[in-house]
Amino acid sequence: MERLQKVIAHAGVTSRRKAEDYIVAGRVAVNGKVVTELGTKVSEKATIEVDGIPIEREAPVFFLLYKPKKVISAVDDDKNRPVVTDYINETEARIYPIGRLDYDTTGLLLLTNDGDFANAMMHPRSNIKKTYVAKVKGKPSKDTLQRLSRGIELEDGKTGPAKVSFKSGNKKNDTSIIELVIAEGRNHQIKRMLETVDHPVLKLKREQYAFLTLDGLQPGDFRALKPVEVARLREMAVT
Ligand code: URA
């Protein structure tokens with residue numbers, strides 16, 4: 001059983017907030033009867049009409065994609081470039097990515113049709129840790145690594161604490177591999193952080209999202225999340 005306003009929002013009719021207004025205004029019927037009470041719970045089988053039009057209900061689905069390079073983290077693209085939802089060919093549900101990875105960034109991306117779940121994952125207070133591996137120009141000093149871990153002043157404010165480790169260096173090419181674990185998800189955050197300390201990112205991959213990894217997957221592969229994984233993620237997040 002789920003709350004009526006959530007089911008309406010989930011069907012993509014409108015936001016949860018507006019769905020509440022619709023209910024109070026008597027525009028919603030459950031099994032043919034107008035319901036005006038907020039918080040009414042409805043079963044999966046109930047037919048729900050908004051302004052006399054039945055809503056299409058979708059069961060929530062959750063996927064993990066190993067995003068390849070040159071793919072947009074969106075559901076469509078005005079320039080017709082490949083988008084992440086092209087890869088998830090196992091569902092008719094209207095899924096979308098939870099957050100974004102840049103066009104040239106590879107790695108772990110979650111997709112769902114559950115707006116509450118997506119919001120909970122992205123809420124700053126949920127503090128979901130994401131692990132990135134960056135190939136950067138040059139060799140960051142210990143001092144620089146410490147600066148990165150304490151937080152970097154960016155134009156939209158100082159970044160939160162990060163776990164930063166030096167993985168390896170390539171003297172010949174003058175590049176290094178750095179791992180960063182951050183809880184935030186600002187636009188181009190890792191690139192901007194590393195650019196600020198004069199070690200521009202040459203390649204970026206997200207290897208981990210909370211406890212989820214890319215184990216067993218190749219770029220372009222995806223899998224459904226297990227119910228136990230979804231439950232664990234929900235437990236980690238604020239609701
Ligand atoms: N930080 C970035 O700079 N790019 C990404 O795609 C993800 C995190």
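## Stop one: Arg 186

Select Arg 186 and, skipping its neighbours within four places in sequence, you'll find it in contact (heavy atoms within 4.5 Å) with Leu 154, Asp 156, Gly 157, Lys 158, Thr 159 and Arg 192. Before going further: this is a predicted model, where local features need pLDDT of at least 70 and side-chain atom pairs count only at pLDDT 80 or more, while totals for chains, interfaces and linings use all residues. Residues are numbered from 1 along each chain as its sequence is written, and side-chain values use heavy atoms, with hydrogens and water left out.

Arg 186 sits in the loop between β14 (175-182) and α5 (189-196); helices (H or I, at least four residues) and strands (E, at least two) are DSSP runs, numbered from the N terminus. Zoom in on the side chain of Arg 186: one of its polar atoms is 3.0 Å from the backbone oxygen of Gly 157.

## Stop two: colour by domain

Colour domain 1 (2-54), domain 2 (62-125 + 212-237) and domain 3 (130-209); those bounds come from an automatic or database domain assignment. The C-alpha centres of domain 2 and domain 3 are 23 Å apart. Where they meet, 16 residues of domain 2 are in contact with 10 residues of domain 3.

Together the two bury about 1200 Å², 42% of it on carbon and sulfur atoms (the accessible area, with a 1.4 Å probe, that two parts lose on being put together, summed over both). On the domain 2 side, pick Asp 102, Leu 108 and Leu 212: they lose the most area to domain 3, together 32% of what that side buries.

## Stop three: charges across the interface

Which side chains meet in a salt bridge at 2.8 Å, N to O? Show Asp 104 and Lys 191. A salt bridge here is a side-chain nitrogen of Lys or Arg within 4 Å of a carboxyl oxygen of Asp or Glu, and the interface of domain 2 and domain 3 has 2 of them.

Next, highlight β9 (106-112) and β16 (212-213), which each supply at least two residues of the domain 2 side that touches domain 3. β9 gives the most, with 5 residues.

## Last stop: Arg 16 and Asp 116

The model's salt bridge count is 18. For one of them, select Arg 16 and Asp 116, whose closest N and O atoms are 2.1 Å apart. Arg 16 is in helix α2 (residues 16-24) and Asp 116 in helix α3 (residues 115-122), so this pair ties together parts that are 100 residues apart in sequence.

Note on methods: Polar contact = N/O pair within 3.5 Å; in protein donor to acceptor, adjacent residues only side chain to side chain.
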